[in-house]
Amino acid sequence: MADREPSPSVLWLVRHGESMGNVADANAQKAGAGRLDLDIRDPDVPLSDNGRSQAEALGRWLAKLPEEERPTAALSSPFARALTTAQLATAGLDVRVRTDERLRERDFGAFDGMTGAGIREQYPDEAGRRDLLGKFYYRPPGGESWADVALRIRSLLATEGLRHDCERLIVVAHQAVIMVFRYVLEELTEQELLAVDKEEQVANASLTRYELDGTGELKLAAFNEVEHLDDEKVTEEPDAAPSP
């Protein structure tokens, strides 16, 4: 334990509450549309009313935890839907929410605001390239792959581990970012990560928790928990603009 790397003692990973992008994406999927009806840049997409309720429910749950179990620090993606979730969820805690662009949503590049059907229709060559490379390594034109996101997360864990050594850190981010945290922290293979992703989508306002064990490693204690949302409606729609 004496030789362990600096690290939070508890790491909470929270996906933002339901956003207007999630709602627009669900509507586009049902209608078979190629593009979302959402005229706003991705960083500015707000929470839906349901998403705000989810974030508030999470905040009530966190505030009821014993003081020795509550988060002592908070970090968020700067995107509006994540930052608002973080602010609402920590409203009852004595913590300041800091933002870090390394937690931002994966950049979809030319595919931003498009559905999978729309991408396959307008960019059939790219859809074929994605099928060949696979979800983890495929990079949309002008965008990022999951592997690119992994570089961001490795950097963040190194710096924030130093800053928040032995603290209980809550991090609010996005679906793909949380999945890549699992890839990095658990040293998963590409195949193992994609198997987890296929089996269970990260729900809005869900909690994933890691705890420091006796060897100084962060170990998964809970994944994708939503019990704290009580009777709030939970959406499991992915963030807008999925890969083809």
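Helix α6 supplies 4 residues to the lining of the largest cavity, the largest share of that lining. The model described here is predicted. A search of the whole structure finds 2 cavities of 30 Å³ or more. Helix α6 also provides the largest share of the lining of the largest pocket, with 5 residues.

**The largest cavity**

- The volume of the largest cavity is about 50 Å³.
- Its lining consists of Pro8, Leu11, Leu156, Leu157, Glu160, Gly161, Leu169, Val171 and Phe181.
- Two elements, α6 (146-163) and β4 (168-173), each contribute at least two residues to this lining.
- Sorted by class, the residues lining the largest cavity are 7 nonpolar, 1 polar and 1 charged.

**The largest pocket**

- The largest pocket holds about 540 Å³ of space. It is lined by 21 residues, and the closest to its centre are Glu5, Leu157, Leu185, Glu217 and Leu218.
- Leu157 is named among the residues lining the largest cavity, and Leu157 is also one of those closest to the centre of the largest pocket.
- At least two lining residues of the largest pocket come from each of α6, α7 (175-185) and β6 (218-225).
- By class, the lining of the largest pocket comprises 10 nonpolar, 4 polar and 7 charged residues.

- Gly134 follows α5, and the phi of Gly134 is positive, near 90°.

**Points to locate in the structure**

- For the largest cavity, a reader may begin with α6 and β4, each of which supplies at least two lining residues.
- For the largest pocket, Glu5, Leu157, Leu185, Glu217 and Leu218 mark the residues closest to the centre.

Definitions and conventions: Residues are numbered from 1 along each chain as its sequence is written. This is a predicted model: local features need pLDDT of at least 70, side-chain atom pairs count only at pLDDT 80 or more; totals for chains, interfaces and linings use all residues. Side-chain values use heavy atoms; hydrogens and water are left out. On a 1 Å grid over the protein atoms alone, a cavity is a set of points where a 1.4 Å probe fits but cannot get out, and a pocket is an open set with protein on both sides within 12 Å along at least five of seven lines; lining residues have an atom within 4 Å of a point. Grid points are joined across faces, edges and corners, and a volume is the space filled by probe spheres set on the points. Ala, Val, Leu, Ile, Met, Phe, Trp, Tyr, Cys and Pro count as nonpolar, Asp, Glu, Lys and Arg as charged, and the others, Gly among them, as polar.
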